[in-house]
Number of protein chains: 2
Amino acid sequence: MVPHLITALGGPLNELEQRMLDSMPAIERWFRLEWMEHTPPFYCAAALRNAGFKLAPVGTDLYPQNWHHLSDDMLPLAVQAAMAAIEKICPEARNLLLLAQSRIDAGGGSTAYLDNLLQLRRIFHMAGLNVRIGSIDPRVQETATVALSGGQTLELTPVIRSQQRLGVKDFDPCTILLNNDLPAGVPGIVEELYEQYLLPPLHASASVRRNSRHLHSYEEVAKRFGKMLGIDHWLIHPFFAACPALDAHQAQAREELAAQADALLAKVRRKYKEYGIKERPFVVIKSDGAAGNFGALALRDARELSAAAWPGAAGGVQDFLLQEGVPTHERLHEAAAEPVVYMMDRYVVGGFYRLHAAQHNIGNAGEGLAASASASYVPLAFAHSTQLPQPGAAAGASAPNRFYMYGVVARVALVAASYELEATDPDAEVYD
Amino acid sequence: MVPHLITALGGPLNELEQRMLDSMPAIERWFRLEWMEHTPPFYCAAALRNAGFKLAPVGTDLYPQNWHHLSDDMLPLAVQAAMAAIEKICPEARNLLLLAQSRIDAGGGSTAYLDNLLQLRRIFHMAGLNVRIGSIDPRVQETATVALSGGQTLELTPVIRSQQRLGVKDFDPCTILLNNDLPAGVPGIVEELYEQYLLPPLHASASVRRNSRHLHSYEEVAKRFGKMLGIDHWLIHPFFAACPALDAHQAQAREELAAQADALLAKVRRKYKEYGIKERPFVVIKSDGAAGNFGALALRDARELSAAAWPGAAGGVQDFLLQEGVPTHERLHEAAAEPVVYMMDRYVVGGFYRLHAAQHNIGNAGEGLAASASASYVPLAFAHSTQLPQPGAAAGASAPNRFYMYGVVARVALVAASYELEATDPDAEVYD
């Protein structure tokens, strides 16, 4: 079942869709050539926004959760992609340790997270690995068997660190897959593991990663992709500006942010004019780090900034990010619908729509993939065969073709994440 | 829909199935290590026989047809596997020439073959290649547009050979994929193409390939696989004996064949006794080459040989093959059902049951995948998620688990085909 979406099916996005369908061989070749030079992140989920006139990623999660929301149809694709990934990283692998996020409370709101772990364990078991689920939560002192809603059980085991290796009791993994973005910082227990593959690398974790660094890479990649495709890369790219080291409690800092927001709004306004877009543009201001303590704030006018009640803005110097707001024009049952595309290795393996029941179309840009209480999920059966691109169908008329476009933009974000991780790798060799 | 099959669900095969499920990580790792050292054939279809007490491949086709019989659910898996294959062979690829079998007659019985070509074109187009379908049939003098039953059309184009390259008008491929096993011998037009990838290699074609060479490789691989799994490799391997250079019209040659058949029957009888199998064993005698002119003949007693009417046995010296007959114990609507497993690169991407309405359970062993007028096809939705292995289910009780076993044995045959092609490569470098 493909969700029936009230999508703005006219205008430039149809042109973009048509261009992508016509250029499928060129696009796939472009990705192949990128992957000759760069290594894709092990797994990734890209949240997209379809504004009707542009389509852009608003969050690229390198520790994706919610795998259980993918439809059953997609599982074989995920398994096959996992086999390909394992084969490249460590063909000799027997054992995989899946490192869960901390603070799992089976009695509370995290049963969804347990279902996610079960799905990941299933995928990697099918791909031919022995899988254990480990926790670095200090409250997990012994192996706990957790019963899941579906009648299945999950074992959560405390990790054991030796001088050189991380494992759990009687289980020595060759690869450790983090499903924990370590928001409180990188704990020593996962550092300096030189004998095992730790994926994603620690410099992708929340306390280290910067949104602006990703967007910088994304801009570079989107420009090259746009040139290959013969399109304005703005159609898939949100403008942004990094505003590092400001104290939101200082008037001068607020003025600097307001000036930057004003400049960004002017840039967006020019683009809207160029494309004949009648809407009023907005920008979003938020913390540059995923672990920031500042909620997202949408502005249509920079002057709102000085008067605004800054949600959760603590004092002290922090890094801010200004980003062009991309409105959400997709609707399902009157809720705003954001497509989220799941990838493993270089492959699109599935996706779903995240619905925000009470959300305005300007809100929460760049909120990324953090679960929100009001969000619900509808599987997007990307993988179903009738949803492979249909070369004959008119642009905008075919959900599968629209999904192909989503998969392409998500993979552009995947390439960007690969650039980003190379650029921020503390162990990278520098050739000067 | 999984076809309901009346399969003998008791006895040793259940043990084999259970062993394979329990050893899934070891099995997948074994395949990963094999593929580190060996290159899988580009694509392959393995026909299997489930005798209830053993499961063995009876034909490994390196130019598989009938892709259109795979269920739609499997198509995304085939596309993903094709992407992986292309990426390894020629990431820079833009153009693929699919070389069709000769003697396509759209008005006759080959509309099924045209549907097969359409499906292959679809898979490789989705994987990101420009695809043309070429013919080396001298009767194809200009591009013909053929209408298919589903309302789609297919263009069949005569190939053009330059000094160094093969292509079609205005289309220069980097890879040429043969879907034609060249039964009449390798024509000069496809020889000495050093600038393009020609897949599968010409030494895999029908006039060159020998069943006995494949079975020899299969025996070697099955032994190693059986050792890893801790099973008697006979459970997945049919005994065989090559009988080269005999003239079936000569009494002495027939006596030699009879003696070999007698020895083979004795070997099989000992195995039957060891496993308490009550049936009467049989052997099959046939041409060793796929292009042989001698139909398969099943014997329960070597003495039948001298009296038998040798179907289609022409005079002159030829190579024969004796093979242990594997009875078919799977039934669907009272027809004998043989699972056929389709692979691309190293991945199982689908399969179907080939049904023989009027077939005895001893007939046609090793007939391979040649279409027969009485054969019909039922898709085996290997790829459907609910048909991934179900770790909890009892052996024999779960169709998905049975299909996992089929996929494993088919991949053992795939590894064997890889060994075979390495051993028979005329351009291989020999290190002494």
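The legends below accompany close-up views of a predicted model.

**View 1. Chain A as a whole.** Chain A is built from eight helices and 18 strands, and 58% of its 432 residues count as buried. Among the contacts in chain A with a separation of 6 or more, 70% are accounted for by residues 24 or more positions apart.

View 2. The 16 residues of helix H4 of chain A, residues 111-126, should span 22 Å at 1.5 Å a residue, and the end C-alpha atoms are 23 Å apart, which agrees. Buried residues of H4(A) include Tyr113(A), Leu114(A), Asn116(A), Leu117(A) and Leu118(A), and Gln119(A), Leu120(A), Ile123(A), Phe124(A) and Met126(A) are buried in H4(A) as well. The helix H4(A) is followed by Gly128(A), which has a positive phi, near 100 degrees.

**View 3. The largest nonpolar core and Met20(A).** The largest nonpolar core has 221 residues, and those with the most contacts inside it are Met20(A), Phe124(A) and Val349(A), together with Met20(B), Phe124(B) and Val349(B). Leaving out residues up to four places away in sequence, Met20(A) touches Ile27(A), Phe225(A), Leu229(A), Ile236(A), Tyr404(A), Met405(A), Val408(A) and Val409(A).

**View 4. The crossing of helices H2 and H5 in chain A.** Two packed helices are described by the angle between their axes and the distance between the axes. For helix H2 (residues 24-37) and helix H5 (residues 211-229) of chain A, the axes come within 10 Å and cross at roughly 140 degrees, and the crossing in which H2(A) passes H5(A) is right-handed. On the side of H2(A) the contact is made by Ala26(A), Ile27(A), Trp30(A) and Glu34(A), and on the side of H5(A) by Val221(A), Arg224(A), Phe225(A), Met228(A) and Leu229(A). By class, this contact of H2(A) with H5(A) comprises seven nonpolar and two charged residues, with no polar ones.

**View 5. Ser418 in helix H8 of chain A.** Ser418(A) lies in helix H8 of chain A, which covers residues 399-424, and Ser418(A) counts as buried because its relative accessibility is 2%, where the cut-off for buried is under 20%. Apart from neighbours within four places in sequence, Ser418(A) is in contact with Trp35(A), His38(A), Thr39(A), Pro40(A) and Pro41(A).

**View 6. Glu219 in helix H5 of chain B.** Glu219(B) has its place in helix H5 of chain B, residues 211-229. Although Glu219(B) and Ala413(B) are 194 residues apart in sequence, their C-alpha atoms are 9.5 Å apart in space. Not counting residues up to four places away in sequence, Glu219(B) touches His233(B), His237(B) and Phe240(B).

Definitions and conventions. Residues are numbered from 1 along each chain as its sequence is written. Chains are lettered from A and ligands numbered from 1 in the order in which they are written. This is a predicted model: local features need pLDDT of at least 70, side-chain atom pairs count only at pLDDT 80 or more; totals for chains, interfaces and linings use all residues. Side-chain values use heavy atoms; hydrogens and water are left out. Helices (H or I, at least four residues) and strands (E, at least two) are DSSP runs, numbered from the N terminus. The expected span of a helix is 1.5 Å times one less than its number of residues. Buried means under 20% relative accessible area, exposed over 50%, partly exposed in between (1.4 Å probe, protein chains only). A nonpolar core is a set of buried Ala, Val, Leu, Ile, Met, Phe, Trp, Tyr and Cys residues joined through side-chain atoms within 4.5 Å. Contact means heavy atoms within 4.5 Å. Axes are lines fitted to C-alpha atoms, for helices over the stretch in contact, and angles run from 0 to 180 degrees between N-to-C directions. A crossing is left-handed if the near helix is turned anticlockwise from the far one by less than a right angle, and right-handed if clockwise. Ala, Val, Leu, Ile, Met, Phe, Trp, Tyr, Cys and Pro count as nonpolar, Asp, Glu, Lys and Arg as charged, and the others, Gly among them, as polar.
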